[in-house]
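Here is a short briefing for a first look. Take a moment with the sequence and the model, then read on.

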Amino acid sequence: MKIKDFAFNPDSVTISSGDMVRWTNLDLITHTVIGPDFSSGTLRDEDSYSFVFTKSVVYDYECSIHPSMDGVVIVEE
């Protein structure tokens, strides 16, 4: 998934349990990816963060620096 122009793209994704999602910051501005079970730390330009989703739930996440940036990962069995 891309972080570009102060947005997660796509902002919603449906995956299977055990799948990994990778976010890559393509902005020159620092961002984060923060959810209930994961936290990327600071992502500078071209930095990436990956997380393997093992629970079948809906994960809402956001950039803690820019809270208007948000997204959702839907994990199915």
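Is Phe 6 buried, partly exposed or exposed? Phe 6 has a relative accessible area of 44%, so it counts as partly exposed. The cut-offs are these: buried means under 20% relative accessible area, exposed means over 50%, and partly exposed lies in between, with a 1.4 Å probe and protein chains only as cover.

This is a predicted model; local features need pLDDT of at least 70, side-chain atom pairs count only at pLDDT 80 or more, and totals for chains, interfaces and linings use all residues. Residues are numbered from 1 along each chain as its sequence is written, and side-chain values use heavy atoms, with hydrogens and water left out.

- Phe 6 sits in the loop between strand 1 (2-3) and strand 2. Strands are DSSP runs of E with at least two residues, and helices are runs of H or I with at least four; both are numbered from the N terminus.
- The phi of Phe 6 is near 60°, a positive value in a residue other than glycine.
- Glu 46 also has a positive phi, near 75°. This residue belongs to the loop between strand 4 and strand 5.
- Glu 46 is exposed, because its relative accessibility is 54%.
- Asn 9 and Pro 10 are joined by a cis peptide bond, with omega about 0°. Pro 10 lies in the loop between strand 2 (8-9) and strand 3 (12-16).
- Most residues other than glycine have a negative phi, and most peptide bonds are trans.

**Charges on the surface**

- Which residues gather in a patch of negative charge on the surface? They are Asp 11, Asp 60, Glu 62 and Asp 70.
- A patch takes residues with over 30% relative accessible area and no salt bridge; like charges are joined within 9 Å, and nonpolar side chains (Val, Leu, Ile, Met, Phe, Trp, Tyr) within 5 Å.
- Accessible areas come from the Shrake-Rupley method with a 1.4 Å probe. Asp and Glu count as negative, Lys and Arg as positive; His and the chain ends are not counted. Each charge is placed at CG of Asp, CD of Glu, NZ of Lys or CZ of Arg.
- Glu 62 lies in strand 6 (residues 58-62). Its relative accessibility is 32%, so Glu 62 counts as partly exposed.
- Asp 11 is in the loop between strand 2 and strand 3. It is partly exposed because its relative accessible area is 46%.

**The salt bridge**

- How many salt bridges are there? The count is 1. The rule asks for a side-chain nitrogen of Lys or Arg within 4 Å of a carboxyl oxygen of Asp or Glu.
- Lys 55 pairs with Asp 37, and their closest N and O atoms are 3.6 Å apart. The pair links distant parts of the chain, 18 residues apart: Lys 55 is in the loop between strand 5 and strand 6, and Asp 37 in the loop between strand 4 and strand 5.
- Side chains of opposite charge can pair when their charged atoms come close.
- Lys 55 is partly exposed because its relative accessible area is 47%. Asp 37 is partly exposed too, at 42%.

**Buried residues and polar contacts**

- His 31 lies in the loop between strand 4 and strand 5. At 0% relative accessibility, His 31 counts as buried.
- The side chain of His 31 makes a polar contact of 2.9 Å with the side chain of Asp 27. It makes another, of 3.1 Å, with the side chain of His 66.
- A polar contact is a pair of N or O atoms within 3.5 Å; within protein, one must be able to donate a hydrogen and the other to accept it, and residues adjacent in sequence count only if both atoms are side-chain atoms.
- Thr 32 is found in the loop between strand 4 (20-25) and strand 5 (48-52). Thr 32 is buried, because its relative accessible area is 5%.
- A polar atom of the Thr 32 side chain lies 2.7 Å from the backbone nitrogen of Ser 64.
- Val 33 is in the loop between strand 4 and strand 5, and is buried at 0%.
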